[in-house]
Amino acid sequence: MNRFFKDKLANCVICRQPLSGDTQLVCIHCKHDQLRIYYPGSLPSLIHIPTIEANTHCNYVDQVFAVVPYVPPYTDFIQTLKFGRQLLLGRLMGNMLVDWLDANQVTEPSGILVPMPIHFLRFMRRGYNQSQLIAKEVAAQRGYPIGENILSKCRYTSPQAQAKRQSRFRMRHSFASRRLNGETIILIDDVITTGHTANEAARTLKKAGAGRVCLWVFACANDRIHDYCFRI
Ligand SMILES: [Zn+2]
């Protein structure tokens with residue numbers, strides 16, 4: 001995986017062909033040959049698609065948008081951003097999220113971006129929060145404020161437990177939020193699988209006084225998402 005991104009500045013992160021001119025990260029060909037999630041009709045959110053909603057647990061989240069399915073090369077983006085210290089990928093993913101929001105005319109005028117927090121032990125070990133890198137790019141391009149100290153992860157969950165897909169029971173009370181007063185919170189995350197983590201974060205935020213809670217994620221790992229993808 002590291003070898004894949006070793007030459008990131010010289011080569012396209014998707015096809016590994018040399019980049020030309022001032023092109024960064026993704027070459028012209030790959031920029032025009034990518035998968036995106038399509039929301040049929042006027043459905044306002046991923047969780048309003050019945051087949052997706054059936055195995056996603058987001059009853060405290062008002063709106064969920066994801067940009068790409070959790071398949072290669074996007075799986076590499078996420079794994080390498082998390083474990084390969086290629087922080088530029090956070091910018092790329094944030095960029096793709098903004099492009100997708102623009103294309104679908106999604107706005108939350110008074111929203112505050114809240115990156116999905118990681119436990120401070122994990123932060124110390126990794127040195128960064130990958131969701132924060134994505135959120136920074138969205139904030140820079142869209143002008144949203146980032147609520148740095150609104151939500152924190154107060155319970156440590158081991159990578160093994162996380163890999164086993166966190167249950168609602170295991171996630172319960174794993175976040176803490178400062179007091180809120182009806183604000184619209186836009187949670188930013190890299191990937192959604194079952195939705196348990198995001199749902200517990202949203203539950204905590206609403207209990208603390210948040211109004212609307214949206215979830216904008218880079219990738220969706222739901223098995224049925226492939227029915228709602230197209231190539232751009
Ligand atoms: Zn390419």
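In which loop is Q105 found? In this predicted model, Q105 belongs to the loop between helix 5 and strand 3. The residue is exposed, because 6 other C-beta atoms lie within 10 Å, and a residue with 12 or fewer counts as exposed. Q105 is not a glycine, yet its phi is positive, at about 50°. Most residues other than glycine have a negative phi.

The protein has 232 residues, of which 38% are buried. Its secondary structure consists of 10 helices and 8 strands. Among the contacts with a separation of 6 or more, 76% are between residues 24 or more positions apart.

An open sheet is formed by 4 strands in the order 2-7-6-3, with parallel pairing. Strand 2 (63-69) and strand 3 (111-115) are the edge strands, and each of them pairs on one side only. On average, and with direction ignored, neighbouring strands of the sheet are turned by 20° against each other. Strand 6 (residues 184-192) and strand 7 (residues 213-220) run parallel and are joined by 7 bridges. Within this pair, I185 stands opposite V213 of strand 7. On the other pairing considered here, strand 2 and strand 7 are linked by 6 bridges, also in the parallel sense. Q63 has C214 of strand 7 as its bridge partner. Strand 2 is largely enclosed by the rest of the structure, because 5 of its 7 residues are buried.

N59 counts as exposed because it has 12 C-beta neighbours inside 10 Å. In sequence N59 and R203 are 144 residues apart, while their C-alpha atoms are 8.7 Å apart in space.

The loop between strand 2 and helix 4 contains P73. The peptide bond from P72 to P73 is cis, and its omega is near 0°. Most peptide bonds are trans.

Helix 4 (residues 74-83) packs on the sheet, where it touches strand 2, strand 6 and strand 7. The direction of helix 4 makes about 105° with that of strand 6. The buried residues of helix 4 include Y74, F77, I78, T80 and L81. R85 follows helix 4 and is found in the loop between helix 4 and helix 5. Although R85 is not a glycine, its phi is positive, at about 55°.

On the side of helix 5, the contact involves G90, R91, M93, G94, N95, L97 and V98. Helix 7 contributes Q130, L133, I134, K136, E137, V138, Q141 and R142. By class, this contact of helix 5 with helix 7 has 6 nonpolar, 5 polar and 4 charged residues.

Notes: Residues are numbered from 1 along each chain as its sequence is written. This is a predicted model: local features need pLDDT of at least 70, side-chain atom pairs count only at pLDDT 80 or more; totals for chains, interfaces and linings use all residues. Two strands pair if DSSP finds at least two bridges between them. Helices (H or I, at least four residues) and strands (E, at least two) are DSSP runs, numbered from the N terminus. Axes are lines fitted to C-alpha atoms, for helices over the stretch in contact, and angles run from 0 to 180 degrees between N-to-C directions. Two residues are in contact if their C-beta atoms, placed from the backbone, lie within 7 Å. A residue is buried if 20 or more other C-beta atoms lie within 10 Å of its own, exposed if 12 or fewer, and partly exposed in between; C-beta atoms are placed from the backbone. Ala, Val, Leu, Ile, Met, Phe, Trp, Tyr, Cys and Pro count as nonpolar, Asp, Glu, Lys and Arg as charged, and the others, Gly among them, as polar.
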